[in-house]
Amino acid sequence: MRYSGGNLSLVIGGSIVLGVLLFVAFGPLVSGYEVEQMDMRNRLQLPSAEHWLGTDNFGRDLWTRMAVGARVSLAIALSSVAIAVVVGSVVGLVSGYFGGWLDLVIMRVVDVFLGFPPIVLALAIVAALGPGVVNLSLSLAAVFWTEYARVVRSVTLAQREADYVTSAVALGASNARILFREILPNVFGPVIVLATLGLGTAIIAESGLSFLGFGVEPPTPTWGWTLAYGTRYLRAAPWLSTVAGLAIMITVLGFNLFGDGLRDYLDPRGVARRIRRASRA
């Protein structure tokens, strides 16, 4: 079976994401070790049959800690993207549909947020709120919501002039119904693609904040924290940072490929091509 470029990205990216999810779900179960189980006699051990990814500076099994850390990192990424999607979509719908001075004010607020480098803004918010999973998710959502607001606004500007919106207005539909029952379903495609790509960005942002010491506090394992403390043992145990860095890279690559493939799959021109192929079959 032959795949087009977009479908190939979708298959490869989806396979990587599925592999990561399986690792998250079953990784701690197959290792046979507890996440905080220490063994100082076997600290900084090389990968072996007993410890597939080696051990850390406290003799804890790195495979188990990477699997549990993936749960934390993915939970932060998913929650921050979900909050950003909800906030950004509502803001974009309101701004694009009503326009006028409301659109002007909202877009100026968006420009203010976009005026700060994302990592600097996230650092400032985390420093104000304090470390933790919830605060880190909120800080990343505060950075990412502007992307969804701009995309949803642009789609809404085009959709509000469509015939189905004009018909709904003529029938006396309320603004809330038009926004959330008529226009919102038509912005799902771009938002889903952007959210899929945003998951990779959120994982990198969480890892960067944890690396700088502004992420989840230890002993809760995260990939960013594993990467950070692994740099202290680069000569004695280089696999600590290497494993964490590769996990971040592969996961982000998987989400990016999946997002690219999903974008091509949902593209109207791609849909038309698939319909033509099906009609010829």
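Here is a short walk through some helices, rings and side chains of this structure. The model is predicted, so local features need pLDDT of at least 70 and side-chain atom pairs count only at pLDDT 80 or more, while totals for chains, interfaces and linings use all residues. Residues are numbered from 1 along each chain as its sequence is written, and side-chain values use heavy atoms, with hydrogens and water left out.

Let us start with helix 2 (residues 62-98) and helix 5 (residues 133-159), whose axes lie 5 Å apart and pack at an angle of about 35°. Helices here are DSSP runs (H or I, at least four residues), numbered from the N terminus; axes are lines fitted to C-alpha atoms over the stretch in contact, and angles run from 0 to 180 degrees between N-to-C directions. Helix 2 and helix 5 make a right-handed crossing (the near helix is turned clockwise from the far one by less than a right angle; left-handed is anticlockwise). Their contact has 21 nonpolar, nine polar and one charged residues (Ala, Val, Leu, Ile, Met, Phe, Trp, Tyr, Cys and Pro count as nonpolar, Asp, Glu, Lys and Arg as charged, and the others, Gly among them, as polar).

Serine 139 lies in helix 5. With a relative accessible area of 0%, serine 139 is buried (under 20% relative accessible area; exposed is over 50% and partly exposed in between, with a 1.4 Å probe and protein chains only). Leaving aside neighbours within four places in sequence, serine 139 is in contact with Ala122, Ile125 and Val126, where contact means heavy atoms within 4.5 Å.

Next, look at helix 9 (residues 223-230) and helix 10 (residues 239-266), whose axes come within 7 Å and cross at roughly 145°. This crossing is left-handed. Helix 9 contributes Trp223, Thr226, Leu227, Tyr229 and Gly230, and among the residues of helix 10 are Leu240, Ala244 and Ile248. By class, the contact of helix 9 with helix 10 has seven nonpolar, five polar and no charged residues.

How much of helix 9 is buried? Six of its eight residues are, so helix 9 is largely enclosed by the rest of the structure. The buried residues of helix 9 pack against helix 2, helix 8 (188-211) and helix 10.

Now for the aromatic rings. A pair of aromatic rings is described by the distance of the centres and the angle of the planes. Rings of Phe, Tyr and Trp (its six-membered ring) pair if their centres lie within 6.5 Å; planes under 30 degrees apart count as stacked, over 60 as edge-to-face and the rest as tilted. The count comes to five aromatic pairs. One of them joins phenylalanine 23 and tryptophan 63 edge-to-face, at 4.9 Å centre to centre and 85° between the planes. Phenylalanine 23 sits in helix 1 (residues 5-31) and tryptophan 63 in helix 2, 40 residues apart. Phe23 and Trp63 form one aromatic cluster together with Trp52.

Phenylalanine 113 and tryptophan 145 are also edge-to-face, because their ring centres are 5.3 Å apart and their planes stand at 75°. Tryptophan 145 counts as buried at 11% relative accessibility, whereas phenylalanine 113 is partly exposed at 28%.

Finally, find histidine 51 in the loop between helix 1 and helix 2. Histidine 51 counts as buried, at 6% relative accessibility. Its side chain is joined to that of aspartate 61 by a polar contact of 2.9 Å (a pair of N or O atoms within 3.5 Å; within protein, one must be able to donate a hydrogen and the other to accept it, and residues adjacent in sequence count only if both atoms are side-chain atoms).

Notes:
Helices (H or I, at least four residues) and strands (E, at least two) are DSSP runs, numbered from the N terminus.
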